[in-house]
Amino acid sequence: MVTTTTGPTQRPITLQEAKTWCAVDSTDTDALIEMLIDSATEIAEEQTGLALGSRTLVEYFDTLSTPFELTVAPVTAIASIHYRDSTDGTYQVWSATNYDTDLISMPARIILKPNGTFPTVGAYGNASKVTYTAGYSATNIPKRAKQLILLMVAKGYDNREDMEENESNNVRQRSANILIKQLQTVKI
């Protein structure tokens, strides 16, 4: 399970970018377009595993064994690793001298150092947790991710009624699905 403790401070695309993409000149539907941007961003992040804005996350695991593979990418920093001790189940810090981090790989990994040791972990659910920072800065969001969000915003703006997800003649939906597949394998 992954929880966000500090969310991104800005959207991956601006209101003006979305309005330009949708060819909207008035301010009448700004709130709708902002909602569509947020919705499209959530979908893009869920489908690709990418954080399209920098955020702090806590990811829980039922064990403390390495390598850990972190769910959200790209990871830019590991703040801490905690484990629930076997005495009373309270979280304790696992010293960074015991593990190494691989923030280049996607997914990012945490690996036991050759001389590192594991603590005695209690038999608890969510026995360990990793606090880390993941996500792109506003200046390095993949262009395909921005295009994906814009396609989904335009689809939602133009089609406000319920429609089949796999409608084969919807060019925007086909394009969005292609971009999702590409972003799921992106190595940046």
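Counting residues by class, Ala, Val, Leu, Ile, Met, Phe, Trp, Tyr, Cys and Pro are nonpolar, Asp, Glu, Lys and Arg are charged, and the others, Gly among them, are polar. With that in hand, let's visit a pocket, a helix and a sheet in this predicted model.

**The pocket.** The second largest pocket holds about 150 Å³ of space. Its lining has three nonpolar, three polar and five charged residues. Among the lining residues are Pro-8, Arg-11, Asp-38, Thr-41, Glu-45, Gly-53 and Arg-55. Helix H2 (residues 30–48) supplies four residues, the largest share of this lining.

**The helix.** How far apart are the end C-alpha atoms of H2? They are 27 Å apart, which agrees with the 27 Å that 19 residues should span at 1.5 Å a residue. Buried residues in H2 are Asp-30, Ile-33, Leu-36, Ile-37, Ala-40, Thr-41, Ala-44, Glu-45 and Thr-48. These cover an arc of only 160 degrees around the axis, so they sit on the same side of H2. On the face turned away from that buried side, you will find Ala-31 and Glu-46 exposed. Just after H2, Gly-49 adopts a positive phi of about 80 degrees.

**The sheet.** Three strands form an open sheet in the order S3-S7-S6, with antiparallel pairing. S3 and S6 are the edge strands, each pairing on one side only.

| Strand | Residues |
|---|---|
| S3 | 68–69 |
| S6 | 99–102 |
| S7 | 109–112 |

Four bridges join S6 and S7 in the antiparallel sense. Opposite Asp-100 stands Ile-111 in S7.

Note on methods:
Residues are numbered from 1 along each chain as its sequence is written. This is a predicted model: local features need pLDDT of at least 70, side-chain atom pairs count only at pLDDT 80 or more; totals for chains, interfaces and linings use all residues. Side-chain values use heavy atoms; hydrogens and water are left out. On a 1 Å grid over the protein atoms alone, a cavity is a set of points where a 1.4 Å probe fits but cannot get out, and a pocket is an open set with protein on both sides within 12 Å along at least five of seven lines; lining residues have an atom within 4 Å of a point. Grid points are joined across faces, edges and corners, and a volume is the space filled by probe spheres set on the points. Helices (H or I, at least four residues) and strands (E, at least two) are DSSP runs, numbered from the N terminus. The expected span of a helix is 1.5 Å times one less than its number of residues. Buried means under 20% relative accessible area, exposed over 50%, partly exposed in between (1.4 Å probe, protein chains only). The arc is that of the directions from the helix axis to the C-beta atoms. Two strands pair if DSSP finds at least two bridges between them.
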